Amino acid sequence: MPFYHQLGKLPHKRHIQFRQPDGSLYHEQVMGTKGFSGIQSILYHVNPPTQVSGYRKIRDWIMTLEEEGANRHRHFFTFQHEEKGDCIDGRVYSLANEDCAISTVSASEPMDYFYRNADGDEVLFIHEGSGKLETIFGELSFQQGDYLVIPIGTTYRVVADTYPIRMLVIETTGEITIPRRYRNEYGQLAEHSPYCERDIRVPTQLVAYESKGSYEVRVKARNQLHGYTYDFHPLDVVGWDGYLHPWAFSIHDFEPITGSIHQPPPVHQTFAGPNFVICSFVPRMYDYHPEAIPAPYYHSNVESDEVLYYVRGNFMSRNGIQEGSITLHPSGIPHGPHPGKAEGSIGKTRTEELAVMIDTFRPLKVAKSALETEDIEYMLSWNRKS
Ligand SMILES: [Fe+2]
């Protein structure tokens, strides 16, 4: 989505004859969003993308959510989940609403199939590990700290260099975009944006696999998982162009915006989703007013739920937080620094914290799969000093 890109072989105009070395036509596919009104790309396949040799329903995509209880602050130690499965079926859901589902995965094995999400875009945040994302648009290499933005309908497979690989996953029912206020009227990222096009990586390597055999593509659609069998390698695209394609951005390339007094969360915004935002908290200089309090004030985000995923470093305003912790501070009740943290932050000049925040504008529910690693004392943790 960030900008137009093209890769591989293309005919000089769209929708005209484009022939393979044996004289047969390549198979042109227009892949777009919002009917034919949203962003799109045009891909050229060696094989017809419609030619499946089998199909089946694998399972319902079940996410069991907790019944609503007392509105309270929640804390989950996601690193306590066992390493299991691959990057798709190993996902353990923590929180969800109508707009997004948040999960973590510590995958212990490679994917022996391809996958695509036909319900919406996905963001994979790589917490630990490296490897490559193989997609129908080409390959994207990744490492710790990368956000991988994968548009709806993209056939892909995560190939890690070693296992386990650990990531945070945000699935949406819509699009992940760059915040509108960062872009000028032409779509270019403006000078005040905390990142620019040069920080964004797009696929640069396109391999059109022509091998035959039996390949499975698993598709999440309408909250069911389906399997489609092909007699040819599904990554058989020789060229494509357009705005719809996966891209990567490293949290380490997010340039923090700082001020003389405390800056609010919107300065950390990285992506926009439907009714939610994703923000990056990165190492930065603290506020430099001589009377500044670097820790945040208490705040009542009465119209949004606030989720923080802690990646590394000492999070300045919290006690008892570990790497991989997820906290939920829901709408309706205030939250803020733990006892002693505001006073303790005075005079400090820098933080090394690294965290991803997701603020949703509609209430989240807790997935039952998160409950086994919950810190059930968290709501009362503002009563104690440690
Ligand atoms: Fe907050």
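**Exercise 1. Aromatic pairs**

Find how many aromatic pairs a search of the whole structure gives, and work out how the pair of Phe 125 and Tyr 147 is arranged.

*Solution.* The search of the whole structure, which is a predicted model, turns up 14 aromatic pairs.

Step 1. Take Phe 125 and Tyr 147: their ring centres are 5.1 Å apart, and the planes make an angle of 55 degrees. Planes under 30 degrees apart would be stacked and those over 60 edge-to-face, and this pair is tilted.

Step 2. Now place the two residues. Phe 125 belongs to strand E9 (residues 122–128) and Tyr 147 to strand E12 (residues 146–150), so the pair ties together parts 22 residues apart in sequence.

**Exercise 2. A second pair, and the cluster**

Classify the pair of Trp 247 and Phe 271, decide whether Trp 247 is buried or exposed, and say which residues form one aromatic cluster.

*Solution.* Step 1. Trp 247 and Phe 271 have 5.7 Å between centres and 70 degrees between planes, an edge-to-face pair.

Step 1. Trp 247 sits in strand E19 (residues 247–250) and Phe 271 in strand E20 (residues 269–273), so this pair links distant parts of the chain, 24 residues apart.

Step 2. Buried means under 20% relative accessible area. Trp 247 has 1%, so Trp 247 is buried; Phe 271 has 0%, so Phe 271 is buried too.

Step 3. One aromatic cluster is formed by Phe 125, Tyr 147, Tyr 182, Tyr 195, Trp 247, Phe 249 and Phe 271.

**Exercise 3. The annotated domain**

Which residues does the UniProt domain annotation cover, and what is the strand content of residues 25–249?

*Solution.* Step 1. The unreviewed UniProt entry gives "domain: Homogentisate 1,2-dioxygenase N-terminal" for residues 25–249.

Step 1. This span is 47% strand and 0% helix, and its end C-alpha atoms are 36 Å apart.

**Exercise 4. The iron site**

Identify the donors of the iron ion and describe the geometry of its site.

*Solution.* Step 1. The iron ion is coordinated by His 299 (NE2), Glu 306 (OE), Glu 306 (OE) and His 335 (NE2), at 2.0 to 2.4 Å.

Step 1. Along the chain, these donors have the spacing H-x6-E-x28-H.

Step 2. The angles among the four donor atoms run from 57 to 164 degrees. A tetrahedral site would need all angles between 85 and 135 degrees; the site here is irregular.

Step 3. Two of the residues involved, His 299 and Glu 306, are buried.

**Exercise 5. The annotated binding site**

*Solution.* Step 1. The unreviewed entry puts the feature at His 299, Asp 305 and His 335. They are spread over 37 residues of sequence yet cluster in space, with a largest C-alpha distance of 11.8 Å.

Step 1. His 299 is in the loop between strand E22 (284–285) and strand E23 (305–312). Beyond its neighbours within four places in sequence, His 299 contacts Glu 306, Pro 334 and His 335. Its side chain also reaches the backbone oxygen of Tyr 297 at 2.8 Å.

Step 2. Asp 305 lies in strand E23. With a relative accessible area of 3%, Asp 305 is buried. Setting aside neighbours within four places in sequence, its contacts include Leu 328, His 329, Ser 331 and Asp 359. The side chain of Asp 305 reaches the backbone nitrogen of Ser 331 at 2.8 Å.

Definitions and conventions: Residues numbered from 1 in each chain as written. Predicted model: local features only at pLDDT ≥ 70, side-chain atom pairs only at ≥ 80, totals over all residues. Heavy atoms only, no water. Donors = N, O, S within 2.8 Å, 3.2 Å for Na, K, Ca; no water. Tetrahedral: all angles 85-135°; square planar, octahedral: opposite > 155°, others 65-115°. Buried < 20%, exposed > 50% of the residue type's maximum accessible area, 1.4 Å probe, protein only. UniProt positions renumbered as here; feature names shortened; annotations may be inferred. Helix = DSSP H or I, 4+ residues; strand = E, 2+ residues; numbered from the N terminus. Contact = heavy atoms within 4.5 Å. Polar contact = N/O pair within 3.5 Å; in protein donor to acceptor, adjacent residues only side chain to side chain. Phe/Tyr/Trp six-rings, centres within 6.5 Å; stacked < 30°, edge-to-face > 60°.
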